[in-house]
Amino acid sequence: LMYTTLADLDDTEAPLRRTQALLEEAQAPVQDHGGTRHATALISARTLAVVRRKADLLRIVDARLSTFEAAHARSDELVEILLVQDAETPAELVGLKKFTAAHVHKDGNPADADKSNFQLFVSSF
């Protein structure tokens with residue numbers, strides 16, 4: 001599940017949040033019975049961290065996409081305004097390369113990335 005989540009380019013936030021809820025629910029009995037260091041529990045916790053991080057990233061990216069699309073829908077109007085007066089380009093249309101670079105895994109497919117320092121990996125993919 002972790003590798004599928006990392007490799008899937010068509011995920012959306014809602015199904016990931018449902019998966020997150022199921023994984024969190026499955027973690028509770030493990031914690032209650034002291035099994036958090038069992039190999040299966042560790043992999044499950046890592047998978048939960050990946051699902052949570054990807055859902056968070058998708059929420060941020062989807063919000064930015066919505067604001068961009070709204071501004072782009074007004075592009076004809078904005079061109080006219082920018083041509084006849086000294087106006088600023090709307091913030092929603094600026095900094096897209098920087099935003100994209102900050103939210104895309106830098107070294108190819110995150111499923112193939114080094115995960116030996118998992119905390120660093122899960123905070124940076």
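Trainee: Is Glu77 buried, partly exposed or exposed?
Mentor: Keep in mind that this model is predicted. The relative accessibility of Glu77 is 44%.

Trainee: Which residue meets the side chain of Glu77 in a salt bridge?
Mentor: Side chains of opposite charge can pair when their charged atoms come close. Here the N to O distance is 3.8 Å. A salt bridge needs the nitrogen within 4 Å of the oxygen. The partner of Glu77 is Arg74.

Trainee: What is the relative accessibility of Arg74?
Mentor: Arg74 counts as partly exposed. Its value is 37%.

Trainee: How many salt bridges does the count come to?
Mentor: The pair Arg74 and Glu77 is one of them. Arg59 with Asp56 is another, with the closest N and O atoms 3.6 Å apart. The count comes to six.

Trainee: In which helix do Arg59 and Asp56 both lie?
Mentor: The two are three residues apart, about one turn of the helix. Arg59 is partly exposed at 41%, and Asp56 is partly exposed at 26%. Both lie in helix H3.

Trainee: Which residues are linked with Asp56 and Arg59 in a network of salt bridges?
Mentor: Start from the bridge between Arg59 and Asp56. The network also takes in Glu13 and Arg17.

Trainee: Which side chain meets Lys54 in a salt bridge?
Mentor: Lys54 is found in helix H3, residues 39-73. Its salt bridge spans 2.7 Å, N to O. The partner lies in the loop between helix H1 (2-7) and helix H2 (13-32), so the pair ties together parts 43 residues apart in sequence. That partner is Asp11.

Trainee: Is Lys54 buried or exposed?
Mentor: Lys54 touches Thr5, Leu6, Asp8, Asp11, Leu16 and Phe125, not counting residues up to four places away in sequence. Its relative accessible area is 10%. Buried means under 20%, so Lys54 is buried.

Trainee: Where is Leu93 placed?
Mentor: Leu93 is partly exposed, at 28% relative accessible area. Not counting residues up to four places away in sequence, Leu93 touches Phe68, Ala71, His72 and Leu78. Its C-alpha is 49 Å from that of Asp32. Leu93 sits in the loop between helix H4 (75-84) and helix H5 (96-103).

Trainee: What is the area of the nonpolar surface patch made by Val79, Leu83 and Val84?
Mentor: Val79 lies in helix H4. Patch residues need over 30% relative accessible area, and Val79 has 43%. The patch covers about 320 Å².

How values were computed:
Residues are numbered from 1 along each chain as its sequence is written. This is a predicted model: local features need pLDDT of at least 70, side-chain atom pairs count only at pLDDT 80 or more; totals for chains, interfaces and linings use all residues. Side-chain values use heavy atoms; hydrogens and water are left out. Helices (H or I, at least four residues) and strands (E, at least two) are DSSP runs, numbered from the N terminus. Buried means under 20% relative accessible area, exposed over 50%, partly exposed in between (1.4 Å probe, protein chains only). Contact means heavy atoms within 4.5 Å. Patches are made of residues with over 30% relative accessible area and no salt bridge: like charges are joined within 9 Å, nonpolar side chains (Val, Leu, Ile, Met, Phe, Trp, Tyr) within 5 Å. Accessible areas come from the Shrake-Rupley method with a 1.4 Å probe; for residues, only the protein chains shown count as cover.
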